[in-house]
Amino acid sequence: MLCVSQLLTLDKPSNARTRRLRTSRGVFAVLDTEPADPVQYRGTALLVPGFMGSKEDFLPVLSGLSRGGYRVLAMDGRGQHETGTASSAPSYAKSELARDVVAVARQLDAGAVHLLGHSYGGLIARAAVLDTLGDPSLWASLTLMNFGPGPVSAAQQERLRMLLSGLESMTPAEIWPFIENQESDVAVGVKEFLRRRWLANAPEHLTAAADQMLGETDLTTRLADIDLAKAVLSGSPDATWSPEDVEQMAHRLGADLISLPGGGHSPNVHLPNETAAALIDFWDRCGTAPRFR
């Protein structure tokens with residue numbers, strides 16, 4: 001199976017709203033979930049989805065995080081789902097996507113933000129922190145969820161090269177039947193959403209993201225030098241990155257290593273309650289002084 005974000009439900013909490021956030025880098029589609037009890041507000045988190053994913057991948061954890069006192073924004077990145085190109089001159093270079101994440105975090109005006117990147121989103125989140133050198137006024141913590149230090153595994157590289165080859169000669173609509181075969185166990189309504197989401201993704205973004213996952217270098221040493229609370233959250237089984245490499249990355253980062261057996265590549269989907277509880281525990285221990293607006 002290709003290293004893609006997964007989704008089983010489209011249920012949305014009543015306190016979550018989809019909106020468009022205007023930033024210095026363009027307009028981004030976000031799911032904005034307020035804390036269940038604003039009086040108990042503990043901080044704000046920004047969630048970055050993975051390859052072929054979207055903000056909806058985080059729907060299962062929003063209620064739990066909200067009950068824990070957190071405002072949570074999940075975003076569609078440039079070229080993903082409802083964000084589209086975001087600006088009149090889009091670029092899908094890693095550095096540009098990282099600056100988009102920085103712009104979204106700054107636009108929130110919420111003090112230091114807890115940043116989480118899932119899979120390919122971890123690659124972008126890491127780049128965003130490196131771009132700002134862990135600016136203490138911007139980041140409260142960094143969580144890398146089901147993300148490894150360098151290129152994806154050999155098996156995933158082969159699948160990505162097949163996708164790249166397909167994108168050279170086929171339209172996204174023609175490729176969808178091959179993607180659909182990976183989603184055989186989801187409800188009809190979810191599968192239709194996944195089809196619409198796939199067709200909405202910019203092919204240029206898919207190509208750039210696949211290339212980045214094939215050629216990413218190990219930046220763990222640089223990230224370890226940044227004084228910022230870090231966690232590596234790893235659902236299993238997951239063959240996208242070597243489990244040994246992921247564990248070693250966490251050790252090199254001095255990060256909390258949170259293992260969630262049974263969570264697979266998307267613990268946010270398969271173990272949402274456990275994932276939310278683990279994130280709340282980590283974020284609470286970061287000791288930020290948040291403000292709610």
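Modeller: What follows is a set of questions and answers on the model above.

Modeller: This is a predicted model, in which local features need pLDDT of at least 70, side-chain atom pairs count only at pLDDT 80 or more, and totals for chains, interfaces and linings use all residues. Residues are numbered from 1 along each chain as its sequence is written, and side-chain values use heavy atoms, with hydrogens and water left out.

Biologist: Why is T143 called buried?

Modeller: Buried means under 20% relative accessible area, exposed means over 50%, and partly exposed lies in between, with a 1.4 Å probe and protein chains only. T143 has 0% relative accessibility, so T143 counts as buried. T143 is found in strand β6, residues 139-145; helices (H or I, at least four residues) and strands (E, at least two) are DSSP runs, numbered from the N terminus.

Biologist: What is T143 in contact with?

Modeller: Contact means heavy atoms within 4.5 Å. Leaving aside neighbours within four places in sequence, the contacts of T143 include L115, A231, F282 and W283.

Biologist: Are S119 and L133 buried or exposed?

Modeller: S119 has a relative accessible area of 1%, so S119 is buried. L133 has 64%, so L133 is exposed. S119 lies in the loop between β5 (113-118) and α3, and L133 in the loop between α3 and β6. S119 has a positive phi of about 55° although it is not a glycine; phi of L133 is near 55°, also a positive value in a residue other than glycine.

Biologist: What makes α3 roughly perpendicular to α7?

Modeller: Two packed helices are described by the angle between their axes and the distance between the axes. The axes of α3 (residues 120-132) and α7 (residues 203-215) come within 10 Å and cross at roughly 80°. That angle makes the two helices, α3 and α7, roughly perpendicular. Axes are lines fitted to C-alpha atoms, for helices over the stretch in contact, and angles run from 0 to 180 degrees between N-to-C directions. Angles under 35 degrees count as roughly parallel, over 145 as roughly antiparallel, 65 to 115 as roughly perpendicular and the rest as oblique.

Biologist: Which residues meet between α3 and α7?

Modeller: Y120, L123 and I124 in α3 meet H205, A209, Q212 and M213 in α7. By class, this contact has five nonpolar, two polar and no charged residues. Ala, Val, Leu, Ile, Met, Phe, Trp, Tyr, Cys and Pro count as nonpolar, Asp, Glu, Lys and Arg as charged, and the others, Gly among them, as polar.

Biologist: Why are D57 and S5 called buried?

Modeller: D57 is at 0% relative accessibility and therefore counts as buried. S5 is at 3%, so S5 counts as buried too. D57 lies in the loop between β3 (43-48) and α1 (59-67), whereas S5 is in the segment before β1 (16-23). D57 touches S5, and among its other contacts are R197 and N268, not counting residues up to four places away in sequence. With that same exclusion, S5 touches residues including G50, H118 and S266.

Biologist: Where is P237, and what kind of peptide bond joins S236 and P237?

Modeller: P237 is in the loop between β7 and α9. The bond joining S236 and P237 is a cis peptide bond, with omega about 0°.
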